[in-house]
Amino acid sequence: MTDTNRFQKLMDALDLSALPLEEQNELLLDLNSVIFKSSLARMIENMDEPTREEFVALMEAEADEEALEAFLTTRVPGAEQAVQEAVESIADDILAVSEAD
């Protein structure tokens, strides 16, 4: 299945067009949050102890989004792969549920 075809199946499964614009935005924000949390968990698993401690310190200092993103992309091997895997996993789950209906 091509990425375009997969994306279209995902959009069809979410049935966004049937929702009012405000609900579409809420659903996409929720989906983004799930992807972020899943990606972050994968990245933390890949961190060595010193990197994890530095990341915790950044979080406790309430670093802004740009600083966190810069840290993750420069200090965590496979950060982009972790995001891709999270997106694919969530898409697979959504498609599996929609196909089971």
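**Salt bridges in close-up**

**View 1. The side chains of R42 and E85 are joined by a salt bridge, with N and O 3.4 Å apart.** In this predicted model, R42 belongs to helix α2 (residues 21-46) and E85 to helix α5 (residues 79-100), so the pair ties together parts that lie 43 residues apart in sequence. R42 has a relative accessibility of 24% and counts as partly exposed, and E85, with a relative accessible area of 33%, is partly exposed as well.

**View 2. R52 and E49 meet through their side chains in a salt bridge of 3.0 Å, N to O.** Both residues sit in helix α3 (residues 49-60), where a spacing of 3 residues separates them by about one helical turn. R52 is partly exposed at 26% relative accessibility, while E49 has a relative accessible area of 43% and is likewise partly exposed.

**View 3. A salt bridge links R75 with E54, and the closest N and O atoms are 2.5 Å apart.** Here R75 comes from helix α4 (residues 65-75) and E54 from helix α3, so the contact ties together parts that are 21 residues apart in sequence. The relative accessibility of R75 is 34%, which counts as partly exposed, and E54 is partly exposed too, at a relative accessible area of 36%.

**Views 1 to 3 together. The count of salt bridges in the predicted model comes to 3.** Helix α3 contains the pair R52 and E49, and helix α3 also supplies E54, the partner of R75 in helix α4.

Key. Residues numbered from 1 in each chain as written. Predicted model: local features only at pLDDT ≥ 70, side-chain atom pairs only at ≥ 80, totals over all residues. Heavy atoms only, no water. Salt bridge = Lys/Arg side-chain N within 4 Å of Asp/Glu carboxyl O. Helix = DSSP H or I, 4+ residues; strand = E, 2+ residues; numbered from the N terminus. Buried < 20%, exposed > 50% of the residue type's maximum accessible area, 1.4 Å probe, protein only.
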